[in-house]
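Student: I'd like to learn how to read this model step by step. Could we go through it together?

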Amino acid sequence: MDVLLWITAVSGLAWVYLTLFHGWFWRTDVRLARPAVPPSGSASVAVIVPARDEAAVLGESLPTLLAQDFPGRARVVLVDDGSTDTTAEVARRLGADARVPLTVTSPGEPPSGWTGKLWALRHGVESVGEVDWILFTDADIAHAPDSLARLVGEAERDRLDLLSVMARLRTHTRWEKLIVPAFVYFFGKLFPFRRVNRPTSRVAAAAGGCVLVRRTSLERAGGVAAIRDAVIDDVSLGTALKRSGGRIRLVLADGPARHVDSVRPYPGLADLWNMVARSAFAQLRHSWLLLAGTVVGLALVYLAAPVALVAGLVGGDVPLALLGLAVWALMTATYVPMVRYYGRPAAEAVLLPAAATLYLGMTVHSAVRHARGRGAAWKGRTYPAPAE
């Protein structure tokens, strides 16, 4: 029991640090400006949508881009990345007589050294010419009618080179309600938004579902080619822009009212598991040492307190049980804002250790997949680790 007491005490100290000194990562108030900042009427923007086998979701997402209320010049380019379904046909049908003009194009198969999505983005960038701004947005992201105007307006006002919005993911099913808020919470802990947004901080990231970038700044950072083999392309893009001297900003989408929302369903645990497992080991730079540290760290931070509480109650060790309860309560308190952001009851924040256990399993499975040569598998493509 003495060993578990000390382990739980260390976990408690970790939570005090995370709560007070880790960029306020747990807060959910980093949003776009309200009231919205109107963009200049002369601004030009191209929206680039990479799409591979996305016919099922385009009907909910693409029309929201084609109906944008934008005072400047806007166009949408959907890049069909080797789809085997009717993605291109559905897109062309939806684009007929739309307010914002749509172009559907295809880059062909990516050459060696490129991921498919980034090859599609490069093709899209080359096709739009010298616009002021480029919005990279995924095929499953639906936008409010003023989304483009708000993004460009804020980026112009604050002289940003990149402005990214973490889209609100679906939380309809039981598994989505358990895992999705934790996914965004963990992302915020890895990349505290306030540190990302601070020019003097080395922390950089973006959320790939919605990334507005100044075209000239993208070129200065080396273009899409600078990150051509990145599996976690959004973080890599944010890092490239910041390292080149660009000013970047990462925010959460607005609350329950639709602003930047994912319409992609993850009905079962297997769907969410694969979403995380396909890139988790890449986030650890394919390092087995970092994997071991992550497993130990997750267990210490998220599981020590519940184990101490149960062990203390069963064994009649009151100090151990009280310490476990106190640490679990602090952990839960940091999770409440994210749970409420997703419209869930605050009481569900107590389930954070359960979600963390699932993520631990997903991370280990990601490494196992890599060891078996499956790498980051996505829609029929597998990306191995970069050569070391």
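**Reading the fold**

Tutor: Let's start with a crossover: β1, helix α2 (residues 55–66) and β2 form a right-handed β-α-β unit. Right-handed means that, with the strands pointing away from the viewer, the path from the first strand over the helix to the second runs clockwise. Helices (H or I, at least four residues) and strands (E, at least two) are DSSP runs, numbered from the N terminus. Before going on, note that this is a predicted model, where local features need pLDDT of at least 70, side-chain atom pairs count only at pLDDT 80 or more, and totals for chains, interfaces and linings use all residues. Residues are numbered from 1 along each chain as its sequence is written, and side-chain values use heavy atoms, with hydrogens and water left out.

Student: Which helix makes a right-handed unit with β2 and β3?

Tutor: That one is α3 (residues 87–95), between β2 and β3 in a right-handed β-α-β unit.

Student: How do I read strand pairing, and in what sense do β1 and β2 pair?

Tutor: Two strands pair if DSSP finds at least two bridges between them. Strand β1 pairs with β2 (residues 73–80) in the parallel sense, over eight bridges.

Student: Which other strand pairs with β1 over four bridges?

Tutor: That is β4 (residues 133–137), also in the parallel sense. Here A46 sits opposite I134 of β4. Strand β2 in turn pairs with β3 (residues 102–105), parallel and over four bridges, with V79 facing T105 in β3.

Student: Is β1 buried or exposed?

Tutor: Buried means under 20% relative accessible area, exposed over 50%, and partly exposed in between (1.4 Å probe, protein chains only). In β1 (residues 44–51), eight of the eight residues are buried, so the strand is largely enclosed by the rest of the structure. Both of its faces are covered: one side carries S44, A46, I48 and P50, the other V45, V47, V49 and A51, and all of these are buried.

Student: Now the core. Which residues touch the most other members of the largest one?

Tutor: The general idea is that nonpolar side chains tend to be buried together in soluble globular proteins. A nonpolar core is a set of buried Ala, Val, Leu, Ile, Met, Phe, Trp, Tyr and Cys residues joined through side-chain atoms within 4.5 Å. The largest one here has 117 residues, and W15, L62, V76, L78, F136, Y185 and Y302 touch the most other members.

Student: What is L78 in contact with?

Tutor: Contact means heavy atoms within 4.5 Å. Setting aside neighbours within four places in sequence, the partners of L78 include V49, A51, L58, L62, A91 and L102.

Student: Let's zoom out. How many helices and strands are there?

Tutor: The protein has 13 helices and eleven strands. Its radius of gyration is 22 Å, close to the 21 Å that the globule rule gives for 388 residues, so the protein is as compact as a globular protein of that length. That radius is taken over C-alpha atoms, and the rule is 2.2 Å times the number of residues to the power 0.38. Along the principal axes, the C-alpha trace spans about 70 × 50 × 40 Å. Buried residues make up 55% of the 388. Of the contacts with a separation of 6 or more, 81% join residues 24 or more positions apart.

Student: And the backbone? Which peptide bond is cis?

Tutor: Most residues other than glycine have a negative phi, and most peptide bonds are trans. Here the bond from R34 to P35 is cis, with omega near 0°. P35 lies in the loop between α1 (2–21) and β1.

Student: Where is W24 found?

Tutor: W24 is in the loop between α1 and β1. Its phi is positive, about 50°, although W24 is not a glycine, and W24 is partly exposed at 35% relative accessible area.

Student: What is the phi of D53?

Tutor: Phi of D53 is near 55°, a positive value in a residue other than glycine. D53 lies in the loop between β1 and α2 and is partly exposed, with a relative accessible area of 25%.
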